Amino acid sequence: MSNQRSFARRLAGTLIERWVGRAYVEEFLGDLDEMYEDRLARGKFIAEAMYWVDSIHLIFGFSSTEKQQSHSMFIGNMIKIAWRSAVRQKQFTILNLLGLTLGIATCLAIGLYVYEESTYDSFHVNGDRIYRINQPMIWGDWNEQLSCMGPGITEAIRAEIPDFEEVTRIMFADEQLMSVTIDDQAKHFNEAKYFMAEDNFFKVFTFPFLKGDPNTALKEANSMVITASTAKRYFGDADPMGKLIDVKSPTGTNALFTVTGVLADVPAQSHLQFDMLGSLASVTGFDSGRSTWIWTIFGTYGMVKEGTDVAALTKKLQALPPKWAEPTTQGVFNQTFEQFTKGQPWTIYLQPLRDIYLAKSPTFNRFGPSGNPEFVMIFGAIGVLVLLLSSINFMNLSTARSSNRAKEVGVRKVLGSEKNTLVRQFIVESVLFVTVGTVAALAIVQLSLNAFNTLAEKQLVLLPHFTSPYFLGVIIAFILIVGLAAGSYPALYLSAFKPAETLKGKLRAGFKGTGIRNGLVVFQFTVSIALIICTFFVQKQLNYTRTIDVGITKDHVLQLYNMHQLGEGADVLKARLENNPAFTVVAKSGFLPPNVWTGDRYRAEGPNQPVVDLHYMRCDENYLPLLQAEFIIGRNFDPANAADKYNIIINEEAAKVLGYGSKETWRENSPLGKSVVQSFGSEEKLQIIGVVKDFNFNSVKQKIGPLLIMRNDNDKHWSYGAGFPSYLSMRLNPGSVSSGDELQRIIDGVKAEVAKVDPAVTFQYSFMDEEFDNTFREERKMSVILNLFTVLAIVIACLGLFGLAAFSADQRKKELGIRKLHGASVRQLVFLFSSEFTKLVALSIVISTPLAYLATDYWLSNFAYRTPINIWVFMAAGVTAMSIAAFTVGFQSFSAANANPAEVLKNE
Amino acid sequence: MSRVIGELEELILLAVWILEGDGYGISVKKEVERHTGRSILLGAVHITLYRLQDKGLLESELGGSSEKRGDRRKRLFRITKKGMVQLRASQEVRQKMWSLIPQLKPGS
């Protein structure tokens, strides 16, 4: 009978054998088989099932008794032993925990940052069906994507493509001056986060309404929804619904908007950030003009129907531009569609909503923040590296430490401990360590989160994550994985000792972990040195960008914003400021370097001249002298010369792209007196009266582009009008700004002047050099955080090295003592002892140098102006690492070499 | 006898005594089932047998295999002196209590 047992019965039998004490197995299995035979009479299935029921019952009934009999150690006992050995070797314990805690805390903080950055826009209910519709950057590099469309595409989609449930548009509006009157008191606000949204906006996006009806709030012209905190700012605790807000519209006229809804504040993790949304219906005729395909200030979002094949839909969308954009290219540029695109495909992209924030392209988002995927990647990598470093440390020190416990293991084995029990002991110890480290790290992160948030300009939180089972799962998994990984090596290695040998002391001489330990040290130092080098170059590049000659004098230039809100008053203010002795020049301009973003299409006059994209800026005759821009040929605008109103000045680069060659060829073919034709509208001709030396009108991250400078009163260009921003700039008289107090007094004076002209205008100013600096804000932020983590990595690596050196010193006490007896000097001993570690660090330098070179080279390739990659930086980093290592090891080696040999050798 | 034994313990102890040296898991189970008419799980029988042995009311030895059991021996239980005393004690308790029940009056 027994040879016919089914698989199910055999399995049950095996389980019983595994879990029930050996003493019982025979009789139980016998009983089970006997019963099985009896039960077969009632059917095989019943017999089989009852076999299992009985088996399980027996297992439950007898496994608990079993445990107490065969395991000599309980978990409580293990913890007690772990605690004793931790206390016995305090130095190791503290080093070990410190390194581990630092590493976990760093990784945790970075983890929070990466998590936050990669979960933007996840609160929208239909988020997985929402796509932003992008197109090529038609104003420059057609390979780049542009996140804003003309309003025309939406009309085309609505007419032809049924796959979208909704398509909605949000229109960019420049900074607006808003006013409300409360109790006859006028309040003024300058609003940058104000956009115009279409009435179906809230059908696509989930922004919960506190008051008002999402379906109708934006239906009527001149209606507006505001966020709760904006409502508070404007109306205090009064009910904002139905209140009027006066908006100075882009055309300079005022319009009254009615508040029709109050939204909960927009979550920080949204790529759309607004305080107020006006109804798009308030903008009359935005979708009927000639330029509906090139007026690229409309964020366009589509929600596809359930189950739509997005790839097929994208394919369908490609047919739209050639079919619909032609009237625009003809009407505005007098070009056919093909001429306008120069044969480049006008691709329509569908970008999933949740990818928008961290996408590599398009980089620019008019309606809120956009993330930097490179930072997230770099920091993610650093987080993992630092964690790896500290885990390695932990493993290293645990292994080293555990060899001191070889005797303990030997004794235990002699007393009958099984290998499994020993393995379990070491793993429990290491898991305990990691648990303590993790708890400490959580506490540290929680305490330092505020500081980190200030540094990274984020609003990270830790505590709310504790309610997420996912987060807890990750933490627990982390503890187990690191604990197991770090504990497994010493556990398996030590428990395999032969007790006779360890008790004789043989292990000391033959302890074999060194190969792996050395490898780990090399890895740690490679990472640390590479980080030192990279950090150094980031710093060097940042310093370098500050010293680049931008071609204009950017120091001592005070700039006033919102001057267009003054209207005619701007000239009054300018005249008053000119009388101020603190200023040498006062000038008016339509843009401020380094933020000249506007561009248009032009061509040199004459047959078959190519159409080129030029940046343009508007200014008066004082602005170029204020910038101290250098004229190569020609002259500045002359107010006495009436014709100058429509004349222009270009830069060298523009001369080149327009086909006038470089300054060497100008003697034969001077651009002066030549005309540039606006390649749109009425094809106005603009005569060149001067060429200036190239200067950086954008961030020095970029190369200098072609630039056309026209008078700010040139009314033949479409950008003329009250709605376009204008600024006043003043060059400070260096003699009058000898102190910060004095500067503050000057600024206060200007503020008073502005208030005298129009008290409603917000006073806002900046200094040009600071604005240039600000273009490197992100990089500077990164550099600060990078510095922090580099220091952490080095500290962790040093902790590890220190621990190993201490361990090694302890191991080699006798060897050094005997050498000393035989006449070795302290110097020789220190050298002997240190050289072991010096070799490791030297190897790390060799490995890290090319790695750091590649990383630096890659990062620097983002910049137009690069700091050279000097050899001395690598050497300095190597020397730094070496001296840090020498310092760390030095202490140990001196104390080891100085020990009295008699003391060391007396006990055997 | 200070210790009190439970109902199942008492039944199983009795069954072992009845079987007179032939009591092992299954025979005990069958014996109890036969007299009480209810079915009990093998595990419960084993657990109780071992508990009784721990209490010193039973003793056991391995012996007697059969082909049906796949040549595995069974653990044969035998009641100890202490077990007998315990059973008698609990019987006496019951008897005493029964005797205290008011006699049935005729006609009621």
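Helices (H or I, at least four residues) and strands (E, at least two) are DSSP runs, numbered from the N terminus.

Residues are numbered from 1 along each chain as its sequence is written, and chains are lettered from A and ligands numbered from 1 in the order in which they are written.

I begin with confidence. pLDDT is the predictor's confidence in each residue, from 0 to 100. Chain A averages 85, and 94% of its residues score at least 70. Over residues 64-72 of chain A, however, pLDDT stays under 50. Where pLDDT is low, the predicted coordinates should not be read in detail.

Next, the interior. A nonpolar core is a set of buried Ala, Val, Leu, Ile, Met, Phe, Trp, Tyr and Cys residues joined through C-beta atoms within 7 Å. A residue is buried if 20 or more other C-beta atoms lie within 10 Å of its own, exposed if 12 or fewer, and partly exposed in between, with C-beta atoms placed from the backbone. The largest core has 79 residues, and A:Val386, A:Ile533, A:Ala793, A:Leu801 and A:Ala881 touch the most other members. Among the elements giving two or more residues to this core are helix 13 (373-403) and helix 25 (777-811) of chain A. Helix 25 of chain A supplies the largest share, 18 residues. A second, separate core of 57 residues includes A:Phe205 and A:Val262.

For the domain named "ABC3 transporter permease C-terminal", UniProt, in an unreviewed entry, lists residues 381-496 and 788-901 of chain A; such annotations may be inferred rather than shown by experiment. Residues 788-901 of chain A are 85% helix and 0% strand.

Finally, some backbone details. A cis peptide bond, with omega about 0°, joins A:Ser361 and A:Pro362. A:Pro362 lies in the loop between strand 14 (349-352) and helix 13 of chain A.

Notes:
Predicted model: local features only at pLDDT ≥ 70, side-chain atom pairs only at ≥ 80, totals over all residues. Contact = placed C-beta atoms within 7 Å.
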